[in-house]
Amino acid sequence: FTNDLKNPLVDDALVRFENGKITFVGPRREYSIQEDEEIIDGERGILLPSFFNAHYSVYSSISSYPLKLLKDNQTNKSFFSNLLESVRSEINPSLVRLSAEVAVLKAIRSGSVAISSPIVDHPEIDPTFYKEVAAKYGVYLAVGPILTEETIDNIAGRWESVTRDSTFCPIVYVSELATYNEDSLRKLRELYEKGMNLNLFIFDMKRENETCLLRWGESLIERLLKNGILGSECGVIYGGNLSETDMDIISSRRIFVTKSLRSEMYAGSFQSNISDLLGRGMQVCLGTGFIGSDMLGEAKEVILTERYHRGFDNYLIDYEIRKTLFDNNHRLFQKLFGKSTGVLKEGYSADLALSRSCLDLEKFDSHLPITLQLVLKSFFDTSFDKVWNSGELILDKGFPQRISKKELKDLSKELRNLEL
């Protein structure tokens with residue numbers, strides 16, 4: 001599966017890459033293999049572009065931790081604010097460090113070579129730790145702390161001078177925007193003007209606007225525009241209950257909006273609005289949120305929700321998945337890291353994932369929606385065996401390649417001894 005509209009599916013394919021770039025994609029019979037070239041047999045697996053998880057809450061990577069936080073039956077309006085408050089109050093440095101490493105390992109195992117994620121800032125964990133994690137595992141990380149009006153001075157001061165490099169991009173996530181006064185919005189604008197990417201949590205725009213109108217006499221979008229915050233280096237996370245005017249303003253500024261359907265469903269705040277957002281020309285991405293690291297699992301949710309809530313046909317759903325999971329996710333990746341990826345095509349980065357099925361029972365039908373078939377096929381016992389980042393093999397036979405088995409064993413031991 002190439003994600004190239006002109007050549008989306010190649011049977012019995014050969015993909016050649018050198019110096020991190022793809023140099024050939026086509027049928028095996030059309031390429032003459034040289035004696036000095038290394039050959040890796042895909043053994044009837046499916047080779048596809050690796051993923052960029054556009055929103056993965058790394059603190060949730062240790063599965064028992066979110067279960068501990070999500071112990072009451074609160075849903076809908078207060079769910080996310082209560083979740084963030086629980087995370088802040090119960091975090092410790094060991095959990096911060098371990099959850100980041102586990103998140104990266106799980107992401108690689110799920111076919112991702114890049115993650116964008118909110119983290120919980122802890123004074124004992126220097127922001128450069130995340131740079132080190134990216135380098136250690138051979139992945140791309142765009143991560144940063146969650147700000148509220150109460151924490152903006154302390155946390156922003158620790159992160160505003162953090163520099164990006166080729167594999168690390170600092171980002172600030174902003175929560176509870178409707179409560180920010182003019183001085184706090186000014187501080188956000190100053191962060192933005194210094195080049196910091198801002199991701200704005202908007203769980204429910206209708207609720208945010210009600211709070212803004214009550215407190216400040218204007219809508220949230222109006223306040224953000226007035227204070228010079230809603231620009232192209234901003235992103236919106238979740239984007240629930242956006243009005244048509246909100247969508248048009250966000251779209252006109254080429255702002256990426258990231259959806260995590262399974263997280264929204266768990267929170268009780270889900271609305272089937274991906275088609276509405278795409279229809280207004282918005283750049284909609286997908287991330288797994290706090291429900292695992294499986295990007296194909298998130299795409300499966302698009303299929304189910306768009307069929308159940310909107311009654312869309314297969315071709316429209318195929319378009320939505322391709323546009324979000326592959327096209328827009330990789331456009332955001334390119335924006336953050338300046339890397340052309342997401343397509344198996346000559347000249348693109350060799351970011352690849354090889355998936356296998358234990359039972360090879362069926363082939364793709366070229367007359368049916370290809371992306372939809374890929375996701376549906378993954379319903380059945382598919383796992384990622386190998387993952388390459390810029391041509392480097394970072395996962396082989398399900399095991400990370402940049403750390404030793406002893407390091408992996410030590411990490412597992414720390415997890416077992418971790419007190420939550």
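Modeller: Let us begin with strand β6 (residues 140–147), in which eight of its eight residues are buried. Buried means under 20% relative accessible area, exposed over 50%, and partly exposed in between, with a 1.4 Å probe and protein chains only. Helices (H or I, at least four residues) and strands (E, at least two) are DSSP runs, numbered from the N terminus. This is a predicted model, in which local features need pLDDT of at least 70 and side-chain atom pairs count only at pLDDT 80 or more, while totals for chains, interfaces and linings use all residues. Residues are numbered from 1 along each chain as its sequence is written, and side-chain values use heavy atoms, with hydrogens and water left out.

Colleague: How many bridges join strand β5 to β6?

Modeller: Two strands pair if DSSP finds at least two bridges between them. Here, β5 (residues 112–119) runs parallel to β6, with six bridges; S116 lies opposite A142 of β6. On the other pairing, β6 and β7 (residues 168–174) are parallel and joined by five bridges, and L147 has V174 in β7 as its bridge partner.

Colleague: Which helix does the chain pass through between β6 and β7?

Modeller: A crossover is right-handed if, with the strands pointing away from the viewer, the path from the first strand over the helix to the second runs clockwise. Helix α5 (residues 152–159) forms such a right-handed β-α-β unit with β6 and β7.

Colleague: Why does L374 count as buried?

Modeller: L374, in helix α14 (residues 370–377), counts as buried because its relative accessibility is 4%.
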